[in-house]
Amino acid sequence: MVVEINKSPNADSRTADKGKVSFEEFSKSTDMHREDVKRVIYELARRLREVADKHDYTKKTTEQEYYDSYITAKKNGTDFHESDWYKNHVKQERHHIKYHVAEDINLLDILECICDHCCDELVEKGKVGKMDIDPDVLMKAFENTVDLVKGFIRLDD
């Protein structure tokens, strides 16, 4: 989805010509800017809802393999995380950044990772423990999110 934003040189205190712009023009430009930002955030929220809807989808699309891998690891006393199913799961699911970082990782992936971690920890341990992230991965996600936003906004002249 493309979000069109409005050109308004009077919406920013750094660019508005204070000597020539009226209060009404300044106010209207501020309102336009606020609406533009709101629409961009709504688009990010829509995309985050899609992330939420897809969370751990491979656990359902390959549910029998998931179950079999889990049971085999338990029976054999092996590490489930070493199974072929799990290795494939973390490559397909973007939020497993401890095991696989997508080239185009973004902050939506980071938010999903945080939510997944908090839910897992609370269920498994009764409390949420510390979560670490490589600062370079976080910066990459930040930069890719900027590119993501730049890719769906357009200036409406």
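**Notes on salt bridges and ring pairs**

1. Let's start with Glu-63: its relative accessible area is 39%, so it is partly exposed (buried means under 20% relative accessible area, exposed over 50%, and partly exposed in between, using a 1.4 Å probe and protein chains only). Keep in mind that this is a predicted model, where local features need pLDDT of at least 70 and side-chain atom pairs count only at pLDDT 80 or more, while totals for chains, interfaces and linings use all residues. Residues are numbered from 1 along each chain as its sequence is written, and side-chain values use heavy atoms, with hydrogens and water left out.

2. Which residue does Glu-63 form a salt bridge with? The partner is Lys-60, and the closest N and O atoms are 2.9 Å apart (a salt bridge is a side-chain nitrogen of Lys or Arg within 4 Å of a carboxyl oxygen of Asp or Glu). Lys-60 itself is exposed, at 57% relative accessibility. The model has 14 salt bridges by that rule.

3. Now look at Asp-36 and Arg-39, whose side chains meet in a salt bridge with 2.9 Å from N to O. Both sit in helix 1, residues 23–54, and because they are three residues apart there, about one helical turn separates them (helices are DSSP runs of H or I with at least four residues, numbered from the N terminus). Asp-36 is buried at 5% relative accessibility, whereas Arg-39 is partly exposed at 30%.

4. Lys-130 and Asp-132 give you another salt bridge to find, this one with an N to O distance of 2.4 Å. Here Lys-130 is exposed, with a relative accessible area of 70%, and Asp-132 is exposed too, at 60%. Some salt bridges share partners: Glu-43, Arg-46, Arg-47 and Glu-50 are joined into one network that way.

5. On to the rings. There are six aromatic pairs here (rings of Phe, Tyr and Trp, the last by its six-membered ring, pair if their centres lie within 6.5 Å; planes under 30 degrees apart count as stacked, over 60 as edge-to-face and the rest as tilted). Tyr-66 and Trp-85 are a stacked pair because their ring centres are 4.5 Å apart and their planes lie at 25°. This pair links distant parts of the chain: Tyr-66 belongs to helix 3 (residues 63–76) and Trp-85 to helix 4 (residues 84–92), 19 residues apart.

6. Tyr-86 lies in helix 4 and Tyr-99 in the loop between helix 4 and helix 5 (107–125), so the pair ties together parts that are 13 residues apart in sequence. Tyr-86 is buried, with a relative accessible area of 8%, while Tyr-99 is partly exposed, with 42%.

7. Worth a look as a group: ring pairs link Tyr-66, Tyr-70, Phe-80, Trp-85, Tyr-86 and Tyr-99 into a cluster.

8. Which residue lies over its face? Lys-54 does, at 5.0 Å from the ring centre (a charge sits over a ring if NZ of Lys or CZ of Arg is within 6 Å of the ring centre and within 35 degrees of the ring normal).

Technical notes: Helix = DSSP H or I, 4+ residues; strand = E, 2+ residues; numbered from the N terminus.
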